[in-house]
Amino acid sequence: FVFIKIKKIMVRTLIYLMTIGLIMGCDSSQTPLVLEPDFDNGGLFLPDGFGAITVVDSVGESRHLAVNDNGDIYIKLRITTGDKGNVALRDTNKDGKADIIQRFGDYPNDGRFANEMRIHKGYLYFSSELVIYRQKLNKGELIPKGKPEILLTDPYPIRWHNAKTLAFDNKGGMYVTFSAPTNACELATQQSGDSSVVIKGEYPCSQLDILGGIWRYDDSQMNQKKSDGRRYATGLRSVVAMTWNEDDNSLYALNHGRDYLNTRAPNYFSEWDNTVLPAEEFMKINRGDDFGWPYTYYDHFKGKRMLAPEYGGDGMKEASGYTEPLMGMPAHWAPNDMLFYKGGQFPSRYRKGAFVAFHGSVNRNPYPQAGYVVAFIPFKDGKPTKEWEIFADGFTGSDTLAVMQDARYRPMGLAEGPDGSLYISESKKGKVWRVIFQGDTATFDKSNLTKMEARKLKSYIKEPDQYTDRTGDKSQ
């Protein structure tokens, strides 16, 4: 038994070293140490063969993160005042854990939706709510020198859904989200006192002239104005998860679906309808696409785009003439980052697929809050299989969440390391995990996912039963 155990450990170690050697071009000067996951994987549940290391336990409330080609980690903090809104981490002894933690950032912080952290063309790009910055990363130096350069300034006041998510097409284009501050461009002042009256939406929605879409800018031009960009796509309520897929040279994103179907049209939608609808949309975005916000929403059960109640919809009327998503994901899960896996450390089934960090719902009452996981969407022949898997779970700290505040962690950011590790950040405390694979890539198959598939029965993952899964009164 002992001999077999030692043999298995030796095989796993050899596989890992071979994987790293291939990634690093077999450079003997960069021979890595064998990483050891935490005994409890930092609290995470992962597919068989994977393990996780707690890189840092808490750096403060955080948003996105980026990993440099030397392994240095950069994190965007969600602070509203002062300076030093970024954090840099360095692992000096190569055990996977941060030994140096340093705040930096000579720029004013202006809001809790400050979001982005990207590395592009040797620069560190990051954003407050109103400004997109960059700083040059010098080899061997953890902290960029000099004052951040300003690429783009948002001329409008601080508002809801103000995150500036970035993507780069490697042809000089920088894609920026300008999300809409309303639920469905509704006329909120229209109150009659009659709870059965459908609140109407503004038509045409004036917000679409300047918001509710994605604009393309120059990735190196300083001091750009909002008007310097070209609108790339429209009809997008709120996009926080967006990336460029180098495999097919296309922009991908996940949209936050609208809320309050039942309060806007109580004659047509129940509390349960509002809990399970509408879908969070996984989209491939081409220039000129219109995804239908605020006039429509996507029903992933019907697989159809529906007319919004503010514009004459009743849950049955379909909408035509708009771009369809690749697939619908569960309602209100709040997709806040996505990443197409390019590395060679994980089994081949993960390569070219998409990881998604779901921040978790806040408004599914009286049913349990849901999401709070990192999911994986497999791709085949360049398209999603329309099936999704739970890749990382264990963030909630509880089996049932009545309110968002009950969650211990909320998954937020994703980044891939130079060795193919997957880094995950969360927004409540600023904990960061590094997920590594130590199994046999040749034998990894769906049987390794059995335990993760069973986790879909958790109340914060499964679709709630209309009559029995309410967190308060069990009757309806």
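Predicted model: local features only at pLDDT ≥ 70, side-chain atom pairs only at ≥ 80, totals over all residues.

**Strands and a cavity**

Tutor: Strand 14 and strand 15 (residues 250-255) run antiparallel and are joined by six bridges. Strands are DSSP runs of E, at least two residues long, numbered from the N terminus. Two strands pair if DSSP finds at least two bridges between them. Residues are numbered from 1 along each chain as its sequence is written, and side-chain values use heavy atoms, with hydrogens and water left out.

Student: In what order do the strands of the open sheet lie?

Tutor: The four strands follow the order 14-15-16-20, with antiparallel pairing. Strand 14 (239-245) and strand 20 (327-329) are the edge strands, each pairing on one side only.

Student: How is empty space found?

Tutor: Rolling a probe the size of a water molecule over the atoms shows where empty space is left. A cavity is a set of points, on a 1 Å grid over the protein atoms alone, where a 1.4 Å probe fits but cannot get out; lining residues have an atom within 4 Å of a point. Volume is the space filled by probe spheres set on the points, which are joined across faces, edges and corners. The count here is one cavity of 30 Å³ or more, and the largest cavity holds about 90 Å³.

Student: Which residues lie nearest the centre of the largest cavity?

Tutor: N255, E281, W293, T296 and Y297, out of 16 lining residues. Strand 18 (residues 296-299) gives the largest share of the lining, three residues.

How values were computed: 1 Å grid on protein atoms, 1.4 Å probe; cavity = no way out; pocket = protein on both sides within 12 Å on 5 of 7 lines; lining within 4 Å.
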